[in-house]
Amino acid sequence: MADAPARFSALKESIRELADLAGPEHRERASTLADSLVDELEGLLGEMPSALKPARQRPKAPRDEVERCPVCTLSSYHYQRGTIRESEHGGFEAFYRCGSCAHEGWKEIQ
Ligand SMILES: [Zn+2]
């Protein structure tokens, strides 16, 4: 589907060509129909970009559910289930809470 825009362009060319094949008595009607078909195609193309992008899969859980706490440095910084969200940097982050010093915060995950 990566070449969809190019295929749409080729399709539009064909529609216009088809309209040009009409005899003089149908030329105007054929041209009007071709225009509305092209408009229709462009409308469809406008709705497609989101469908063309591969959906980013939200991870179910971070690779390491227990990390070293950035405050007390003990390995008791636990991922809090169901807290994964999209981060500002286009990745994902999860909420962690330290079972030892109660420090908590968001952490970028893989
Ligand atoms: Zn801690």
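**A predicted chain of helices and strands**

Helix α2 is hardly covered, with a count of 0 buried residues among its 21 residues. This helix spans residues 27-47 and reaches 31 Å from its first C-alpha to its last, close to the 30 Å expected at 1.5 Å a residue. The mean pLDDT of the protein chain is 87, and 89% of its residues reach 70 or more. Among the elements, strand β2 (residues 77-79) has the highest mean pLDDT, 97, whereas helix α3 (residues 49-52) has the lowest, 57. Where pLDDT is low, the predicted coordinates should not be read in detail.

Turning to the overall layout, the protein chain holds 3 helices and 5 strands. Read along the sequence, these elements follow the pattern α-α-α-β-β-β-β-β. Of the 110 residues in the chain, 6% are buried. Among contacts with a separation of 6 or more, 36% are between residues 24 or more positions apart.

The largest nonpolar core is made of 6 residues, namely C69, Y77, Y79, A94, Y96 and C98. Two elements, β2 and β4, each give two or more residues to this core. The largest share, 3 residues, comes from β4.

Leaving out residues up to four places away in sequence, Y96 touches E67, Y77, H78, Y79, Q80, E104, G105 and K107. The strands β4 (residues 92-98) and β5 (residues 104-109) run antiparallel and are joined by 6 bridges. In the hairpin that they form, 5 residues lie between the strands, and A102 takes a positive phi near 70°. In a regular strand the side chains alternate between the two faces of the sheet.

R85 counts as exposed because 11 other C-beta atoms lie within 10 Å, and the cut-off for an exposed residue is 12 or fewer. Apart from its neighbours within four places in sequence, R85 is in contact with F92 and E93. The C-alpha atoms of R85 and I109 are separated by 10.0 Å, and these two residues are 24 residues apart along the chain.

How values were computed:
Residues are numbered from 1 along each chain as its sequence is written. This is a predicted model: local features need pLDDT of at least 70, side-chain atom pairs count only at pLDDT 80 or more; totals for chains, interfaces and linings use all residues. A residue is buried if 20 or more other C-beta atoms lie within 10 Å of its own, exposed if 12 or fewer, and partly exposed in between; C-beta atoms are placed from the backbone. Two residues are in contact if their C-beta atoms, placed from the backbone, lie within 7 Å. Two strands pair if DSSP finds at least two bridges between them. Helices (H or I, at least four residues) and strands (E, at least two) are DSSP runs, numbered from the N terminus. pLDDT is the predictor's confidence in each residue, from 0 to 100. The expected span of a helix is 1.5 Å times one less than its number of residues. A nonpolar core is a set of buried Ala, Val, Leu, Ile, Met, Phe, Trp, Tyr and Cys residues joined through C-beta atoms within 7 Å.
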